[in-house]
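Biologist: Could you pick one part of this model and give me a close look at it, then follow the same kinds of detail elsewhere in the chain?

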Amino acid sequence: MINFSKAKFVKSAPTYNEKPEKNLKEIVFVGKSNVGKSSLINALVNNRKMAFTSGKPGYTKLLNYFEIDEKFYLVDAPGYGYTASGSKHLDNFSKMMETYFDNPSLAGVVFIVDSRHNMSEDDKGFYDFIVDKGIPFILVASKADKLNQSEKAKIKKHIEVEMGIESFVLASSTNGVGLEDIKAKISQIL
């Protein structure tokens with residue numbers, strides 16, 4: 001298993017065509033704005049300042065590349081959905097990402113949803129997209145530290161029964177729940 005012990009920020013890029021020169025496999029983190037993509041990257045590499053986080057939706061606007069153990073990139077993608085200004089920017093996300101998913105370096109997706117809510121229509125649309133593309137993915141239900149047992153059972157039922165998704169990781173970047181599972185699944189994909 002990859003140990004995630006050596007991580008460094010490499011580059012921010014407005015499109016896949018401007019990615020770093022070093023040709024490494026990529027694991028991209030995707031989800032709605034403010035779902036915790038950057039926080040999860042920070043927790044995985046054990047550095048709270050690696051990827052910039054903000055309490056306001058829509059802060060990440062570029063593809064941010066982080067080199068891990070000199071073996072692969074974690075890519076922090078902009079979120080889709082609503083921004084702090086209240087504007088919906090799914091179209092901007094789509095334009096930036098339209099060529100990204102045909103990227104031959106793309107090994108997999110860490111698809112993050114907020115465990116406190118059922119999957120939105122945007123979430124469902126993106127889920128269908130990655131399934132149709134046949135891209136390996138890890139579904140992560142973030143912010144698990146904010147749920148009680150009843151709420152955990154409810155989101156588990158929603159994802160497994162209502163959405164028909166057999167495997168997901170309930171995770172928290174705050175208390176570390178699920179991080180080792182995510183690392184193991186990323187290692188399997190790579």
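Modeller: Happy to! Let's begin with Glu67: leaving aside neighbours within four places in sequence, Glu67 is in contact with Lys6, Ala7, Lys8, Val10, Lys22, Leu24, Phe72 and Tyr73 (contact means heavy atoms within 4.5 Å). Before going on, please note that this is a predicted model, in which local features need pLDDT of at least 70 and side-chain atom pairs count only at pLDDT 80 or more, while totals for chains, interfaces and linings use all residues. Residues are numbered from 1 along each chain as its sequence is written, and side-chain values use heavy atoms, with hydrogens and water left out.

Glu67 sits in strand E3, residues 63-68 (helices, H or I of at least four residues, and strands, E of at least two, are DSSP runs numbered from the N terminus). With a relative accessible area of 5%, Glu67 is buried (buried is under 20%, exposed over 50%, partly exposed in between, for a 1.4 Å probe and protein chains only). Its side chain makes a polar contact with the side chain of Lys22 at 3.1 Å. Such a contact pairs N or O atoms within 3.5 Å; within protein, one must be able to donate a hydrogen and the other to accept it, and residues adjacent in sequence count only if both atoms are side-chain atoms.

Now for the charged pairs. The structure holds eight salt bridges, each a side-chain nitrogen of Lys or Arg within 4 Å of a carboxyl oxygen of Asp or Glu. One of them joins Glu26 and Lys19, at 3.1 Å from N to O, and both of these residues are buried. Another links Lys133 and Asp102, whose closest N and O atoms are 2.6 Å apart. Lys133 belongs to helix H3 (residues 121-133) and Asp102 to the loop between helix H2 (90-97) and strand E5 (106-114), so this pair ties together parts 31 residues apart in sequence. Lys133 is partly exposed at 38%, whereas Asp102, at 53%, counts as exposed. Asp114 and Arg116 also meet in a salt bridge, 2.7 Å from N to O. Here Asp114 is buried at 13% relative accessibility, and Arg116 is partly exposed at 37%.

Finally, a stop at helix H4. Ile155, His158 and Ile159 are buried there. They cover an arc of only 85 degrees around the axis, which puts them on the same side of H4 (the arc is that of the directions from the helix axis to the C-beta atoms). The buried residues of H4 pack against strand E6 (137-142) and strand E7 (169-170). On the other side of H4, Gln149, Ser150, Lys157 and Val161 are exposed.
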